[in-house]
Structures are given as structure tokens and as C-alpha cells.
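User: Hi! I would like to understand the words used for this structure. Could you take me through them?

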Amino acid sequence: MKLAVVAVVAATAAVAQNIPSIAWGFASSAYQVEGAWNVDGKGPSVWDHWFLNNHSLVASKGAGNPIAAGDVFKTAGHYDRMKEDVALMASFKSSMYRFSVAWSRIFPQCNGQVNQKGIDFYSRLIDELLNAGIQPVLTMYHWDTPQACEDQYGSLMNRDMFIKDFTSYADVLYANFGSRVKYWLTFNEPAAYCGRGFGPVSDAYIWPPGKNGRESDKYNCVATTSIAHGAVVQLARTKYPQYEMKFSMPLIIAYYIPVAPADVEQANINTLSQGDWLWGSLASADGDYPVYLKTVKTGDMDGSLLPAFTAAEKATMKGTLDYVALNYYSAQYFNGVSGQSAPTLTIKADQVPWQSAYPGGIRGITQLMSRSYGPLLASSVGGLAPIMISECGYGSISEAFGPISQSVNDVDRQAFFEGITAGLQLAVVEDKTPVFGFLAWSLLDNLEWLTFDQTWGLVHVDQQGGTLERTVKQSANKLAAFFAGSKSPIALAQPGGKPANSTVSGAPAATASGAAVTTANPTATGSPTKSSNSIATGYSVVVALFSAFALMLV
């Protein structure tokens, strides 16, 4: 066991720093960086409402208050500093940027009247990126539901109304940005948001709208996002085929590393089931969960609680995943079958509590996901699914209150990205895993939802002084140096695209049945034609191919 670890570390350290063809850059989300929560016609999100009505969360500025280091209503001030932030990315020669649109900046009242100033802001951002040679990646929903949706009908708990309004919102985004944005992400990590916002929460980290409901509420919420994903992808393919937009749903997946051969299959199930919960129905030819998933029970999900889909819902979802969007942060060793002793992953004192950082795991998890979804996606080449690393980063709990010198000389984050890039190079160059994009989380130190005391940025933001001044950290320079020889394989669109015809009030009524947005000719619109009733169909093949490789990593 120890010899294997030494061999992998040595091989990783010796890798040349170059990936010839990959887009790289940074990721963010609207609520965490924009601020300007009520500026230029924007309506409140559920997070704005949460802080506005929980004054104890923002009033105390004493020691121990996790948000004392910043202003939750300004966050990182990106709305007013957008050009400065794009110029920073251009200075690193990055070639991709993931941002999210605040739904309530487009529809302040959840539905109805469009806020043109919101459209104009994101249009300027997209053009600024394109002019800087940076590929925009647009996230449609990153947890900031308009409070009006919650007030009107309970947001995600009312499937028909939510999907109808989300589809109308998507229609406006496509009409205004579809000619300039090729890569789209629908819902960021639904299981996390649905769990903490709607399901039962036993700790202090309850999220808005703060339902603290039943376990079934969480699973129904997740199912609603899957159907809504299918509905808006079908809309894009039928109404805007000329834009050839590509879609995925970014999911956070913890990688389970098998300790011994007997552990491989269960370790892979533990890893894959986190993605199959959502990606499974979107990638499959029948639109349903993988068969094996319904009997799986892990720490991450319980297959017996998965709600059944109707035939119409399955038809809406099937074949609507164009690539795998993977948020990678953590790994853990699995020895639950063999019982053999497992190595210990070092958790640094400065590390955020929930992250079990293991940079080397990026090689194994990308190969496992690419091989598993390869047979299902029409975009696959040689049986391997294309992958975007849609988030990957290192969180610190001491930078926020420390001196700026400590934040800028972010030694642990530098070491993390050195390991990540070495593993990524092995994955892409040696293993030929088709990773076409890598996005570091995050560009800026920002509001980590309920706290400022976890910093993830590669650029320091002066929250303590209140100036929001940006200072580049050493990790950003090292990441830029690694990718200096890389060229993005994705052609850029032209800035200044004209809006297409969009009839908001007449958008397809994507109810829970999904019938209004099903496509009559999937092959013509780019839907997968590869047949598979479930991920589990070729599961034994994936295990056989992957087992020898996985054991190299321990």
C-alpha cells in the first residue's frame, strides 16, 4: 500500500506542466459576488429576503460572527466592478468564465414583466468576456430563487408553476444570449440546495426558504429540477436550434477511492450514485433513473425515496445531457468491503470543515465519469463523455480575518492546485480523458452563502476594510502559469448578438407533464441516439475497465 502511494506521488510530481488543448478559467455565482441586490430594478431573491428578515445574522459584528468580515448586501461588488473583474481574468490569459444569472434581476416578480436593465447588465458582461477572448458559461439557476416565486406558490414545491416560470425565464435568456453563449448549466447542485432549503436540517446551516420539511420534500424538489432541466433543454432545441447550445447540470461529486480490489464496485457505486440521481435520467434513452439506483442507500442518497416519474416527464428529460459538468472538491478512501486499513487523508487546520481535499482524485473521478456516461451521450468520442470541471477549489477558514499577506501568500491553496493540475495533466494527456474545460472556484473571495469566514477566491477582496479592493493571490499566478501553454478548443462567438424573437407570455407551458416541450425529432436537434435503459446496463464493464486504474491511486 505504501509503495503504491509513493509511486503515484512521484509520477504526479514529474509531470510536465502542459495541457495543449483545454479551456480554463474561473467560476462564480450571482448572489455570491454581485451585490446590488435592489439596484436597477432587481427584485429580492430568497437569500436577500432571508438576511433582510433575520437581522440577528447581520447585526452582530463581534468575534465569532461568521459574516462579520463583510456586507451580505454588497458581497464582492461585482455588479459595479464587472469590467475590472473581466480585465483581471484577461490578465491571467484565461479562456473561460462561468457566471450565473440572477433570475430576479431578469424577472423581479418571478414572472410577467422583464427587467431590461437586468438583460443589459448580462449582455455587457458577455460582450466584455468575448472581447477579452473568454468563453462565457452561463448558469441559469444557482440557488437564488426570486422571493416572488416563493411568495406566489412556494417555488420548487409547486412543480407545475415552477417549471412554467423557469421555462419562460429560460426563453428570455436564450433569445437575448443564445447567439453568444454556447455552454449552459441549468441547476447548480440541486441536492445541496433542496436538502438545506426544503428538507430536514439538524444543524445550524439551514438555508432559505428555510422549510426544514420532510425527507420526501428534498427528493421531490430534486425531481422538479430534473424535469425543469429537461423542459428548458427541449425548448432550446426546438425553438432555437440555430444556436446549437450545449447543456449540462453541474453536480458536486465526492470521489470514493477503493482501498482493495474487493472495494472497487461499491466505491464506484458510492461515487456514481451521486451523479446518477440527476444525470441518470437526463442522459438515458428512457428518461428514468438507472435501475440499480432505486435499491442504493449511501450517506448521500436513499434510492427507496426517489419519486416516480410519469411517462411524459421521462420523455421531457431523456437525452438532455450534452456533457458532464463536475464540481470536484473532496475524496475519501473506501474499505467497506475489504476491511483493509486505509491511508488517512490529511485535513489541514486551515481547511473548511466539509472539504476532504485530495487533488490526486481528479484523475480517477474524471475517468470514471467519462467512461460511465460515454455510452449514453451523443457527444461522446470513442466511448468517452466530454467533461467540464465546472468547479474546483480550496477553502480556507483563516484568511478572512487574517492579514492580507496571509491571504495573498495562500500556500495551501497553491499546493492544492499544483496537485490538481498535475492530476489533470495525467487525466487528459496520458489517459485521454476528454476534459475540455477547467474552472477554478472561485475568481473572488465572496459570500459563502451564510458566511464570509470561508474564502475560496484566487483574488483577495478587501471585506474587512470595506473597500472591496482586489489583490491577486499567488495561487492565481501559479494556475495561470500552468495553463500558459494551453489553447481553448472552443471557438468564440461574436459580441453584440441581436436578440432573437422571444414571446415570454407565449413560451411553452412546461408543466410537470412536460408534453408542451417534447421534441418530435431528437436526432435532428442533437439529442443522444445511443440506446441504454440505465447507467447500470454497462456497469460491470465500467467496473472491469476501471478497477485496475482505481487501485493505482491508493
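Analyst: Happy to! Let us begin with a term: a residue is buried when its relative accessible area is under 20%, exposed when over 50%, and partly exposed in between (1.4 Å probe, protein chains only). Helices (H or I, at least four residues) and strands (E, at least two) are DSSP runs, numbered from the N terminus. This is a predicted model, in which local features need pLDDT of at least 70 and side-chain atom pairs count only at pLDDT 80 or more, while totals for chains, interfaces and linings use all residues. Residues are numbered from 1 along each chain as its sequence is written, and side-chain values use heavy atoms, with hydrogens and water left out.

User: What makes strand β1 largely enclosed by the rest of the structure?

Analyst: Five of the five residues of β1 (residues 23–27) are buried, so the strand is largely enclosed.

User: How do you know that β1 pairs with β11?

Analyst: Two strands pair if DSSP finds at least two bridges between them. Five bridges join β1 to β11, and the two run parallel. Strand β2 (residues 96–100) is also parallel to β1, with three bridges. Gly-25 has Leu-439 as its bridge partner in β11, and Met-96 stands opposite Gly-25 in β2.

User: Why is Thr-433 called buried?

Analyst: Its relative accessibility is 4%, so Thr-433 counts as buried. Thr-433 lies in the loop between α17 (411–430) and β11 (435–441). Contact means heavy atoms within 4.5 Å. Beyond its neighbours within four places in sequence, Thr-433 contacts residues including Thr-366, Ile-387 and Val-428.

User: And why is Gly-466 called partly exposed?

Analyst: Because its relative accessibility is 45%, Gly-466 counts as partly exposed. Gly-466 is in the loop between β12 (459–461) and β13 (470–472).

User: How do you know that the reach of helix α7 is close to the one expected?

Analyst: The expected span is 1.5 Å times one less than the number of residues. Helix α7 (residues 116–131) has 16 residues and reaches 22 Å from its first C-alpha to its last, close to the 22 Å expected. Among the buried residues of α7 are Phe-121, Tyr-122 and Leu-125. Just after α7, Gly-133 takes a positive phi of about 80°.
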